[in-house]
Amino acid sequence: MLDIRIDTKRYPDRGGRPHLALSGLHMQVARGEFVCVVGPSGCGKSTLLAIVGGLDRACAGEVSMDGRAPADLGFMFQEPRLMPWMSVLDNVLLVVPDGLREQARARAVELLCAMELGDVLDAYPGRLSGGMMRRVALARAFVNEPALLLMDEPFVSLDSPTANRLRAMLVAQWRRCGASVLFVTHDLREALALADRICFLSPSPGRVVLEFAVDLPRPRDPSGAQLEQLHAELLARHPELLAGLPALREEAAHD
Ligand SMILES: Nc1ncnc2c1ncn2[C@@H]1O[C@H](COP(=O)(O)OP(=O)(O)OP(=O)(O)O)[C@@H](O)[C@H]1O
C-alpha cells in the first residue's frame, strides 16, 4: 500500500515569496492498483510525482509504501529521455543497477520484443519515430520490475492510434508484473481507459477533491461506446470537473 500524506509543498518563487503548490493532499494506492491523477494545469501533478518518487524531499508530510520510503520505482516522463549515443537495448539497461545488467539483458530484450522493437535493439534513438522512442521508454520503466511505476503524461502529444497502442502495451505489462501505478494526465478519456480509480485534484494548491472507481471491463476500447457513456455520466454527475480541465472546457464549447 502506497500512502501519500502531503500537508504542504511550497516552492520559493522568484520574488522570494513561497508558492503553495500542494495542500492537504492525501491519497492511497493499493498494491497492484492503477490510479490516474487528473487535474488542471499547474495544480501540482508533476510536483506530486516528484515527491512520491523521492526526487523532491522538501515538503511537509510523508510518503510511505508498506511503511517505508518508496524504493523499487520505475519512471516514465513526457519526454522519452533517451541517450542518443546509446543503442535501444543499452538505453533500457541504463537504469539497471551495476552488477545486475548481464542478468537483466534477457528481460530487456523480451520487453523490447513485447514493444515490437525486437528488430531495432542495436539502433540509435535518432533512427526511431516518436512512438518508437516512447516504447523504448516504456520498456525501460518496466525493466527493473518495479513495485511502483510513476508516469507523468507519458503519451502526451502522440497521435491517437499511437497513444492507444502504447496504452495497450502499458496495460499488458502492468498486468504481467503487478506493479502499482500512479499515472498523471489531464485527459479524462485516457484516465477512464487506463485506471482502476481516478483521483481528481483541485486547482492549485492541489488536493484530492474527488475519487472515482472506473468500473469497466478490460480490455477497454478508448473510443468505445462504454467509455463514452461513462465519460458523459461522470461529467453529468460532476459538472464542476468541466471548470477545472481546459481540454473538457474546449470540448464542451464545440458541442
Ligand atoms: N521548481 C519550481 N520552482 C518554483 N515553482 C515551481 C517549480 N516547479 C513547479 N512550480 C510551480 O508549482 C505549481 C505546480 O507545478 P506542477 O508542474 O507540479 O503542476 P502540473 O499540475 O504538473 O502542471 P501541468 O499540468 O501544466 O504540467 C505551478 O504553479 C508551477 O509553476
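A crossing of two helices is called left-handed if the near helix is turned anticlockwise from the far one by less than a right angle, and right-handed if clockwise. Helices (H or I, at least four residues) and strands (E, at least two) are DSSP runs, numbered from the N terminus. The model is a predicted one, in which local features need pLDDT of at least 70 and side-chain atom pairs count only at pLDDT 80 or more, while totals for chains, interfaces and linings use all residues. Residue numbers start from 1 along each chain as its sequence is written.

Begin with the helix pair. Helix H4 (residues 130-142) and helix H5 (residues 160-177) have axes that come within 11 Å and cross at roughly 10°. H4 is therefore roughly parallel to H5. Axes here are lines fitted to C-alpha atoms, for helices over the stretch in contact, and angles run from 0 to 180 degrees between N-to-C directions. Angles under 35 degrees count as roughly parallel, over 145 as roughly antiparallel, 65 to 115 as roughly perpendicular and the rest as oblique. The crossing of H4 and H5 is right-handed. On the H4 side the contact is made by Gly-131, Arg-134, Arg-135, Leu-138 and Phe-142, which meet Thr-162, Leu-166, Met-169, Leu-170, Gln-173 and Cys-177 of H5. By class, the residues of this contact are six nonpolar, three polar and two charged. Two residues are in contact if their C-beta atoms, placed from the backbone, lie within 7 Å. Ala, Val, Leu, Ile, Met, Phe, Trp, Tyr, Cys and Pro count as nonpolar, Asp, Glu, Lys and Arg as charged, and the others, Gly among them, as polar.

H4 also lies across strands S5 and S6, running at about 170° to S5. These strands belong to an open sheet of six strands with mixed pairing, in the order S5-S6-S7-S3-S8-S9. S5 (73-76) and S9 are the edge strands, each pairing on one side only. Neighbouring strands of this sheet are turned by 15° against each other on average, direction ignored. Two strands pair if DSSP finds at least two bridges between them. At one end of the order, S5 and S6 (residues 148-152) pair in the parallel sense over four bridges, with Met-76 opposite Met-151 in S6. At the other end, S8 (residues 197-201) and S9 (residues 208-213) pair in the antiparallel sense over five bridges, and Phe-200 stands opposite Leu-210 in S9. S8 and S9 form a hairpin with six residues between them.

A second sheet, also open, has three strands in the order S2-S1-S4 with antiparallel pairing. S2 and S4 (60-65) stand at its edges with a single partner strand each, so one side of each is left without a neighbour in the sheet. Neighbouring strands here are turned by 20° against each other on average, direction ignored. S1 (residues 2-12) pairs with S4 in the antiparallel sense over six bridges, and Ile-6 stands opposite Gly-61 in S4.

Some backbone exceptions remain. Most residues other than glycine have a negative phi, and most peptide bonds are trans. The peptide bond from Ser-204 to Pro-205 is cis, with omega near -5°, and Pro-205 lies in the loop between S8 and S9. Another cis peptide bond joins Arg-218 and Pro-219, with omega about -5°; Pro-219 lies in the loop between S9 and helix H7 (225-237). Arg-81 has a phi near 55°, a positive value in a residue other than glycine, and Arg-81 is found in the loop between S5 and helix H2 (88-93).
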